[in-house]
Amino acid sequence: MPELVAAHDVDKTYGEGDTATRALTSVTFSIDEGEFTSIVGQSGSGKSTLLNLLGLLDTPTQGRVMLRDQDTSQLDRRQRAGLRGETIGFVFQFHHLLPEFSVTENMTMPLRIGGQKIGDEERERVDGLLDLLGLEGLGDKNANDLSGGQKQRVAIGRALINDPGIVLADEPTGNLDTSNTDSVYRLFRDVNKERGTGFLIVTHDRVVAEMTDRILEVRDGELVQDVRNGYA
Amino acid sequence: MLALSIAARFLRSSSGQTSLIIAGIGVGIAVQIFVGSLITSLQDDLVESTVGSSPHITLVGVDDQPISATVAEDAMDQPEVTTAIPVRRMSALYVEGDSLPLSVTGGDAVDVDSIYGLSERIVDGRYSLDDGEILVGIGFAETAGVEPGDSLSLVLPDGGSGEYTVAGVFDLGAAAANDRQAFLDAGSVADALGLGEDEFSAIEIQVDDVFASTEVAGRLAADGIEVIDWQTENEELLSGLAAQSGSSIMIQAFVLVAVALGIASTLAINAVQKTRQIGILKAMGMTDAASGRIFLLQALILGVAGVALGVVFGYVLIWGFSFAPVDFEVRPSPGLILISVAVGIAVALASSIIPSRSTSRLDPIEVIQSA
């Protein structure tokens, strides 16, 4: 499979001078299209920083982040925002749904940000995702009227609406109970198999990481392990 | 447009706050419209009562030399001049009982009416300036005890006396004019002053815009002619009007500042409340400029809605004032209302600069990493 995203010798330092804190040091790895990968590490190890860099939400202090063979360090904020919207879906620990909008409106937001009009085709896509997510008939509900698990599933639907190359998920089940956690990972796996969408999941939970095909371990800002599970 | 739809939804989600600020803008704009219209109407009425029924420019011969009627015809060539009439003026004295001085203007009935509007102001008798007929003010008529049809004997400037018939009594709305002003037929004054057929004391002129009189007066200046402009003669009144306009503008400016602070604080609060939403929208690919536009559009919606409400409130206030027990009418000034609308919306947009900028600078990571 072709390479989707790659970090080349990436450093990230916050602050300057005496107060400078090095979050990542010389991180190099790549992820192919359709890979189901996790990043594990303790709190403060730098795994979320790495995810933000790969998601073009932040820029490295040194090194390069490549997305579909494009060197993103050459892009300005506007171009990075555009590329992010087209290529990457995000799922965060907190659902971050817009409480002013309905479920369908929340899910179609990335399309509208990308300048697409919402027509029949897009509505069908939303309905298909709602079925996949087990949220049939809830499209017109306000996002605030759903349970925690439902909200996180809507956030997953929002991440998938653009058919992104990869979904970056930062502790996506950190706020969910065990049954919702299982259903979210089953959903990720189903989408990965059915649509070929790549997943990069940041977690501190080894059990969750074991469910992925490849585990990257970050410790004190360095990539210390890159192993493939038996599923691959 | 996505930014507009998000802006509208953000405002609707805090409907109480939105309604309050729209009402606040509305009250501010209404006060602006009402105060502005009140001051404008007051000033218009004051100027109208001062010079509406009197000459705006008077041309007299230097050293009291007589002036020709052709000067009036020449003055009519100026586009702003609406009326220019030759008149003869003299002082006279009524000496039966009390001694009452009169300032007598002699002229053709139609001409005199075009400046003084006397035919509309006759309260007793009729408007006529036929040979030997005189029109006197209501104050003089009461003091002297004369009424239409009575004979009036006046001491003339040469010491002789003249007998005239009172044709009518007028009310010019000002006590000084009603006590001392009188109008006589042109021929009688010519006889009293010994003037020839084409010899007049003054040319009295009105222009379409009373405040253009100084400029027109400058153009009418000529050798042997002294030009008297009402604005030069009424400097105190004009400086009073200017002070009134200044204080009115200051009140309106403070109202606008209050409106601007209201919108700015609402948007600032809104920007803080919606930080999470803006952050996630940016994470999903919304550009800095588009996210900044959300607050600009919120300000535009608040501004347009508030100003529209303000115009309605303003008209209601003006209408309400018509029931006040005062002999004065506030007229809405369309120009002023347009300015209030434009300035109100501009102020609203300006108020959004700070929240728009802070929003466009927001880093989505700050939001994503917090709950």
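How many residues of chain B are in contact with chain A, and how many of chain A with chain B? The legends below walk through a predicted model, starting with that contact.

**View 1. Where chain B meets chain A.** Here 20 residues of chain B are in contact with 22 residues of chain A. On the chain B side, the elements that each give two or more residues are α1, α11 (275-283) and α15 (364-368). Sort the chain B side by class and you get eleven nonpolar, five polar and four charged residues.

**View 2. Helix α1 packing on helix α12 in chain B.** Zoom in on α1(B) (residues 2-13) and α12(B) (residues 288-321): their axes sit 8 Å apart, at an angle of about 55 degrees. That angle is why α1(B) counts as oblique to α12(B). The crossing of the two helices, α1(B) and α12(B), is right-handed. From α1(B), the contact uses B:Ala3, B:Leu4, B:Ile6, B:Ala7, B:Ala8, B:Phe10 and B:Leu11. Facing them from α12(B) are B:Ala290, B:Arg293, B:Ile294, B:Leu297, B:Gln298 and B:Ile301. By class, this contact of α1(B) with α12(B) comes to eleven nonpolar residues, one polar and one charged.

**View 3. A look at B:Ala350.** You'll find B:Ala350 in helix α13 (residues 334-351) of chain B. Is B:Ala350 buried, exposed or partly exposed? It is partly exposed, because 14 other C-beta atoms lie within 10 Å of B:Ala350, and that count falls between the 12 or fewer of an exposed residue and the 20 or more of a buried one. Also in this view is B:Ala260: 90 residues separate B:Ala260 from B:Ala350 in sequence, yet C-alpha to C-alpha they are 7.9 Å apart in space.

Conventions. Residues numbered from 1 in each chain as written. Chains lettered and ligands numbered in written order. Predicted model: local features only at pLDDT ≥ 70, side-chain atom pairs only at ≥ 80, totals over all residues. Axes fitted to C-alpha atoms, helices over the stretch in contact; angles between N-to-C directions. Helix = DSSP H or I, 4+ residues; strand = E, 2+ residues; numbered from the N terminus. Parallel < 35°, antiparallel > 145°, perpendicular 65-115°, else oblique. Left-handed = near helix turned anticlockwise from the far one by under 90°. Contact = placed C-beta atoms within 7 Å. Nonpolar A, V, L, I, M, F, W, Y, C, P; charged D, E, K, R; others polar.
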